[in-house]
Amino acid sequence: MKKVDALFISDVHLGSKGCNADDLLKVLKQHEPKYLFIIGDFIDGWLLKKRHYWSQDFTNVIRKILSYSKNGTKVVYVTGNHDDFLRNYTPISFSENIQIVDEYIWNGYYIVHGDQFDGIVKMKWLGLLGSWGYEASIWIDKMIKRFGYRKSLSKFLKKNIKNAIKFITDFENQATHQAKLHGCHGVIVGHIHTPANLHINDIHYLNCGDWIENNSYITFKYNEFKIITPNN
């Protein structure tokens, strides 16, 4: 069991057939954090509204997080655009150790999902279309990989869609700008499924990545942030 000061995850997308919940559960079982930050899109409400899909792995992840809270871990759930139904009730607390909020400041870091900075999700119908199309591309990925192809259609689509709207929004710059506005020296986000540990405009920018493609997360221990992926 690895004791850490904080563990950060985002974009798990419980309810999506592309969610790697079993891999996440293994990571949760390996760590004993003082804080667990869930930075948006933990539950994919958009997809669950369209059709019901729920596996035992999804339930096991939630049970493990509840077990964390019972054992003293403070769980901070920051809402995202795919679980924006929770924003009708935030901020809300369950017991002493579980909070659901839209944003949070911790140790000088502004923690927010990041959909607020992305021009695509300002047009919600387009975001919904992108969500369903993205899940379809993940399913196609799994099929073509059975035939030995290594390229990812979902990554290709995501990269090209993001490039197409770059003139509308610069996600990283906007995130760091918002950190400054909130008097913080760092920002921790998710949303774009791209793990990162950068310094931009004198602000420390961290992105957790996701549990669809990257299976990435962030740990904080000995005053140091580390991004963990299956490759390291």
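Modeller: Of the 232 residues of the protein chain, 53% count as buried, that is, under 20% relative accessible area with a 1.4 Å probe and protein chains only, whereas exposed means over 50% and partly exposed lies in between. This is a predicted model, in which local features need pLDDT of at least 70 and side-chain atom pairs count only at pLDDT 80 or more, while totals for chains, interfaces and linings use all residues. Residues are numbered from 1 along each chain as its sequence is written, and side-chain values use heavy atoms, with hydrogens and water left out.

The secondary structure comprises seven helices and 12 strands; these are DSSP runs numbered from the N terminus, helices (H or I) having at least four residues and strands (E) at least two. Among contacts (heavy atoms within 4.5 Å) between residues at least 6 apart in sequence, 69% join residues at least 24 apart.

The part I would select is the loop between strand E10 (203-207) and strand E11 (217-221), where Asn214 is placed. Ile212 is found in the loop between E10 and E11 as well. Ile212 is buried, because its relative accessible area is 8%. The C-alpha atoms of Ile212 and Cys19 are separated by 5.0 Å, although the two residues are 193 residues apart along the chain.

Asn214 has 19% relative accessibility and therefore counts as buried. Its side chain forms a polar contact of 2.6 Å with the side chain of Asp210. Such a contact is a pair of N or O atoms within 3.5 Å; within protein, one must be able to donate a hydrogen and the other to accept it, and residues adjacent in sequence count only if both atoms are side-chain atoms. The side chain of Asn214 also reaches the backbone oxygen of His193, at 3.0 Å.
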